[in-house]
Amino acid sequence: MANSDITPNNPPYPAFRATNKESFAYDTTVRRWPIIIDSAIVDIQKTIDEVEKSDEKKAKEGTLIIQALEDLKKELAADAPLRPIKDNHSDTDKWNTHLQTWFSNCTWFNGTWLFNECYIYRRIYEIFNLSTHWQKYDCFERQKINTFRGSHAAVFDLATKMPGLIDPANASSLEKLELIYHELIQVCLWGNATDLSLLTNMSKEDIQRLQAVEKDRLAERRQYILADDTQKVWEALKRKPSGVNRVDFVLDNAGFEVFVDMIFADWLLQVGLADKIVFHCKEMPWFVSDVMPKDMPLMFQCCLDEDFFAEENKTEADRRALMIMVKRWQQYVQDGVLECRSHDFWTYGLSYWYMKSEAPDLFEDMKKAKLVLYKGDLNYRKLVFDCDFPVTTPFKEAIGPAMANDFTHIVTLRTNKADPVVGLTDETKRDIESRATRQEWRFSGKYAVVEFN
Ligand code: F6P
Ligand code: MG
């Protein structure tokens, strides 16, 4: 297809759409989204019950918000057309331009799955935005916090290992650093396996298994990485740039995932592989569990609260290790060594093929980093246009000309939770297709890719 024919509603290969009843897009539209909206309703009702006596106005408005969410579910079920966004936020005009230019005749089923799925979170945000008493309310915050509480085993495990990982005796040897790097990058990768929007399918045991960070477990799970550019990433990481030595993370989920991202970032700073870290967060509640700027201090606070992790077996030394580490993290933020930023672009419904044209400021700024890590499934879908590329398409081709040529040194750390996959060799393709079902290797979160441009 000629580049000029490509639009957000007409990707280089067919887009995934809920009109295909066999697709994950269809399952998401008819089953997963209503469950996610219901979980938001349960949360709001809890808050209404809490404030009923102290803040009558807020409680009253809360019932209207629940009604609006019920109406949104009806709109989905009726396959209604996508309507313009009605609030007055910094991104409203952009959203409406995108709707009008590319998706004017689309409905909840026949629009692209990528655009529609972003649009539903934008519509949820609109409901709160138009309210008086709930404007900054995150209806997924309770879920984020509760799941993080359940991650205590891996949290303490990593906190107690950290002093050894940043020991100056290791930092002085590039070989030792490389060994530690290979472990940490995997911890960072598999931290993505447990996002809340998928929990509709996962048991508690599944989650704990995925969060295990022991060496043997990691080695065993290496076989599930279908494309593995970790060595190339190491080559990029050990470079000392002439300008600022900056590493960016385009974050995905709050709780355990961002905790391990922090572990990796902390390690990079401590051993001198980076002097500055930028975390890119979402401006609004997004795909249930994504990190918003306020979730970072909240995560620090949870770790420092002695009663947060109800873990009886932990010793005083374990708790101390966690406290020392998290205080160091708070210091990074205070000193500006770690910056948590957000930008409207991250919550548009567009592929990152459009980053250069739709968010030139962001694009130019991120080019200053020596490495940009894109975490998670949604970032991957956006990088590769969420379309049905042949799986052997090179990653460089699938991320589009602007990203490929003007913005190198990017890596995606992604566990496979949706259709698109690129960058496989012919051999891997044959092998995986012969031994696993499509459902298993593309959607289950058991397999992963680490791809570098
Ligand atoms: O709803 C589908 C989806 O976009 C999947 O891609 C994935 O299950 C989830 O939402 C988001 O995953 P992640 O948090 O890794 O981006
Ligand atoms: Mg997410």
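A residue counts as near a molecule if one of its heavy atoms lies within 4 Å of it. Keep that cut-off in hand for the first stop. The model is predicted.

**Stop 1: ligand 1**

Select ligand 1 and show its surroundings. The shell holds 16 residues. Glu117, Asp252, Asp377, Arg381 and Lys417 are the closest.

**Stop 2: polar contacts of the ligand**

Pick Lys417. An N or O atom in the Lys417 side chain sits 2.7 Å from an oxygen atom of ligand 1. Go on to Asn192, where a side-chain N or O atom is 3.0 Å from a ligand oxygen. Then take Asn253: one of its polar side-chain atoms is also 3.0 Å from an oxygen atom of ligand 1.

On its own, ligand 1 has 390 Å² of accessible area, and the protein covers 100% of it.

**Stop 3: the helices around the ligand**

Color H4 and helix H17 (376-383). These are the elements that give two or more residues to the shell around ligand 1. H17 gives the most, with four residues.

**Stop 4: helix H3**

Select residues 92-102, helix H3. Thr92, Trp95, His98 and Leu99 are buried here. Look down the axis of H3: the buried residues line one face, because they fall within an arc of 135 degrees. Residues three or four places apart in an α-helix point the same way, because there are 3.6 residues a turn.

Turn to the face directed away from the buried side. Asp93 and Gln100 are exposed there.

Helix H4 (113-129) and helix H15 (355-358) are among what covers the buried residues of H3.

Definitions and conventions
Residues numbered from 1 in each chain as written. Chains lettered and ligands numbered in written order. Predicted model: local features only at pLDDT ≥ 70, side-chain atom pairs only at ≥ 80, totals over all residues. Heavy atoms only, no water. Buried < 20%, exposed > 50% of the residue type's maximum accessible area, 1.4 Å probe, protein only. Arc of directions from axis to C-beta. Contact = heavy atoms within 4.5 Å. Polar contact = N/O pair within 3.5 Å; in protein donor to acceptor, adjacent residues only side chain to side chain. Areas by Shrake-Rupley, 256 points an atom, 1.4 Å probe, with all protein chains shown as cover.
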